[in-house]
Amino acid sequence: MNWRHLNNVLHRDIGYLAVGLTIVYGVSGLAVNHKADWNPNYRMEKTVRRIAPIAATERAAIIKEARARLGLTAEPRNAFRPDPETLRLFYEHQTYSVDLPTGAVIVEVARPRPVLYEMNQLHLNTPKGIWTFVADLYAVALIVMGVTGMFVLKGRLGLGGRGKWLVTAGCVLPLLYWIWYLVRG
Amino acid sequence: MRRVIVSALVLALATSAGLAAAAKKYGKPLTVKETTKISDIYAQPDQFNGKRVKVQGPVVDVCSSRGCWIAIGSDKEFQTLRFKVDDGVIVFPMDAKGLNAVVEGVVSVTTLSVEEQLAAAKAGQDAMMAAQHAGGGDHKEMAEKMAKEKKTIDPASIKGPKTVIMIKGEGAEIQ
């Protein structure tokens, strides 16, 4: 087995192994790159409801009255008053913010985006622990794939041919961007 | 074979149910033994400034952008305390709202002058963010998001210097 054959076997098999994670990291990368425009983890919905104003002054009575008017039969996870005129009721994935004097209620629902939430957690290494090790291995695999990829072909299509121009272009791009970024200030 | 799969699924469900009941740990383990009341910190902020404390209370808000802070309800009504971690150190989930948190970190007390509040309002920051980044830094993206969500300081509400208290930490347990 010559070195190029070994190189190609490594490139191919590591590539097969890395497909799953590459999709996870790629899709999540696109999603979190644009987090200024949307929430990549949660689907957030805000609706406004109106109930009769709540006149009670005791905390327990306020909660009881608010729940009755909102038709919330289940016990909330918690209730909190950030200020004298507001009551917040917390349920799983839902928060009710009641303006006591007016009866205006903001219902905020935050549900994890299926699949994308999990992908983002892995991509951003939220679990830490053993996942750090897996992510490190994947990073090494990417480097190995990149390096071995340069030597898969020889000749006109290989590194000696057009490959060297493409590799140079790929290396120059981040360098040029960084210079532009520094100059721009 | 089917029996093995069913048993494995039942075991996995039982384990996950057990894990759900236990406190979920974020970041570094908690080390401070004694719990400080949030109301005590509010009563004497200068006494706690720079001190490492452990506090507990319901999670009443979570950073929807990066999950990098939670607001904890005090033992007294109408008081909340923000627990801030460096971006990426801990990512708090939005569905932590309403659960009980125990957090540990260093109390930070910042007094924002009227001029600083006006500058923060102009930059699209809220008081907490202005206090957090009083030393400067590039937080343009965050400021733009706050401006979009209208969470910035209302210049009309500025009456005088404002004291902002938060805890900067690395560890939390939420249940």
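Predicted model: local features only at pLDDT ≥ 70, side-chain atom pairs only at ≥ 80, totals over all residues.
**View 1. Where chain B meets chain A.** The contact (heavy atoms within 4.5 Å) draws on 26 residues from chain B and 24 residues from chain A. Between them, about 2000 Å² is buried, with carbon and sulfur atoms giving 52%; that is accessible area (1.4 Å probe) lost on putting the two parts together, summed over both.

**View 2. Charges across the interface.** Look for three salt bridges here, each a side-chain nitrogen of Lys or Arg within 4 Å of a carboxyl oxygen of Asp or Glu. One of them pairs Glu77(B) with Arg81(A), their closest N and O atoms sitting 3.4 Å apart. On the chain B side, strand 2 (52-62) and helix 6 (140-148) each put in at least two residues; helices (H or I, at least four residues) and strands (E, at least two) are DSSP runs, numbered from the N terminus. That side has ten nonpolar, nine polar and seven charged residues.

**View 3. Around the second largest pocket.** Its lining counts 34 residues, and nearest the centre lie Tyr117(A), Lys24(B), Tyr26(B), Pro93(B) and Asp95(B). Strand 1 of chain B gives the largest share of the lining, four residues. By class, the lining splits into 17 nonpolar, ten polar and seven charged.

**Notes.** Residues are numbered from 1 along each chain as its sequence is written, and chains are lettered from A and ligands numbered from 1 in the order written. Local features need pLDDT of at least 70 and side-chain atom pairs pLDDT 80 or more, while totals for chains, interfaces and linings use all residues; side-chain values use heavy atoms, leaving out hydrogens and water.

Conventions:
Nonpolar A, V, L, I, M, F, W, Y, C, P; charged D, E, K, R; others polar. 1 Å grid on protein atoms, 1.4 Å probe; cavity = no way out; pocket = protein on both sides within 12 Å on 5 of 7 lines; lining within 4 Å.
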